[in-house]
Amino acid sequence: MKVRILTLALGLGSACFAGAQVFTDDFNRADSSSLGANWTQTSATTQIANNMAVNGQSTPGMAIVNGFSAAYTVQSVSMDVSLTNANLGYVGGVLGYGSDDIFVKVQGSGGTFTNYGFYHANNSSGVSGGGFFSLNTTFTSARITVSVLSNDSVQLGIDTDFNGSFDQTYTATGYSAYSLGTGAGIALYGSGAGDNYRAQGIVPEPASFAVLGLGALALLRRRRSRK
């Protein structure tokens with residue numbers, strides 16, 4: 001069983017990040033009628049079955065991570081998704097949870113995901129550039145990542161062979177019109193199941209790592225020059 005919230009505070013200059021928070025949950029614990037103490041249920045019932053997060057009712061369910069808080073503009077969530085039976089189901093990532101939220105899902109039936117959707121407020125429509133669409137390529141399981149590209153643009157990345165690279169990506173805009181918060185969570189319906197959940201509060205730019213490397217090199221040179 002692994003449930004972890006890790007908070008880092010880094011004073012590394014404006015080109016880097018000021019702090020980071022990461023939450024992970026592999027759901028590898030006994031079957032339960034809830035996801036556990038690290039989650040707050042916001043609608044319907046999410047629960048644990050067979051070491052996965054699933055929906056316990058025939059209505060959409062959502063749960064939010066307790067103690068996770070980061071500006072929505074630097075949030076990202078990922079999880080492994082599958083369908084547990086032939087019935088309709090979806091699995092989604094929730095970002096910017098507060099008065100409203102970013103809600104992005106993959107959906108299917110018969111054990112195969114066939115569609116994706118960009119919404120807000122637990123499957124509510126209205127996002128300009130959002131909606132419900134057919135996937136370019138269907139799949140039975142994948143690791144999906146939902147991340148904010150800017151204050152207005154959100155990306156869904158799908159990694160069907162679990163090699164760390166996206167096989168499909170989709171984006172939608174229009175989220176800056178909503179009152180987004182700082183929470184993150186998971187959304188489930190029907191036969192949808194999620195596993196190996198990860199919420200991240202900072203997605204560092206490559207330039208940040210470059211600055212870190214240059215800083216370390218300069219410090220090393222300075223130390224050598226003093227010898």
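Mentor: N122 has a relative accessibility of 23%, so it counts as partly exposed. That word covers the range between buried, which is under 20% relative accessible area, and exposed, which is over 50%, with a 1.4 Å probe and only protein chains considered. Before we go on, please note that this is a predicted model: local features need pLDDT of at least 70 and side-chain atom pairs count only at pLDDT 80 or more, while totals for chains, interfaces and linings use all residues. Residues are numbered from 1 along each chain as its sequence is written, and side-chain values use heavy atoms, with hydrogens and water left out.

Now back to N122, which sits in the loop between strand 10 and strand 11. Strands here are DSSP runs of E with at least two residues, helices are runs of H or I with at least four, and both are numbered from the N terminus. N122 is not a glycine, yet its phi is positive, at about 55 degrees. N123 is found in that loop between strand 10 and strand 11 too, and it also has a positive phi without being a glycine, at about 75 degrees. Most residues other than glycine have a negative phi. With a relative accessibility of 27%, N123 is partly exposed.

Let's step from the loop to the strands around it. Strand 9 and strand 10 pair in the antiparallel sense over eight bridges; for two strands to pair, DSSP must find at least two bridges between them.

What do the aromatic rings do here? Rings of Phe, Tyr and Trp (its six-membered ring) pair if their centres lie within 6.5 Å; planes under 30 degrees apart are called stacked, over 60 edge-to-face, and the rest tilted. That rule gives 11 aromatic pairs. F103 and Y119 make an edge-to-face pair, 6.4 Å from centre to centre with 75 degrees between the planes. Because F103 lies in strand 9 (residues 102-109) and Y119 in strand 10 (residues 112-120), the pair ties together parts 16 residues apart in sequence. F103 and Y119 are both buried. Y116 and F133 have ring centres 5.4 Å apart and planes at 35 degrees, so this pair is tilted. It links strand 10, where Y116 lies, to F133 in strand 11 (residues 131-139), 17 residues away. Y116 is buried at 9% relative accessible area, whereas F133 is partly exposed at 32%.

Moving on to another place, Q168 lies in strand 14 (residues 168-173) and is buried, at 7% relative accessibility. Its side chain reaches the backbone nitrogen of N136 at 3.4 Å. A polar contact is a pair of N or O atoms within 3.5 Å; within protein, one must be able to donate a hydrogen and the other to accept it, and residues adjacent in sequence count only if both atoms are side-chain atoms. Beyond its neighbours within four places in sequence, Q168 has contacts (heavy atoms within 4.5 Å) that include L135, N136, T137 and F139.

N66 is in the loop between strand 6 (61-65) and strand 7 (76-83), and is partly exposed at 27%. A polar atom of the N66 side chain lies 2.8 Å from the backbone oxygen of A37.

Finally, the whole protein: it has one helix and 16 strands, and 46% of its 227 residues are buried.
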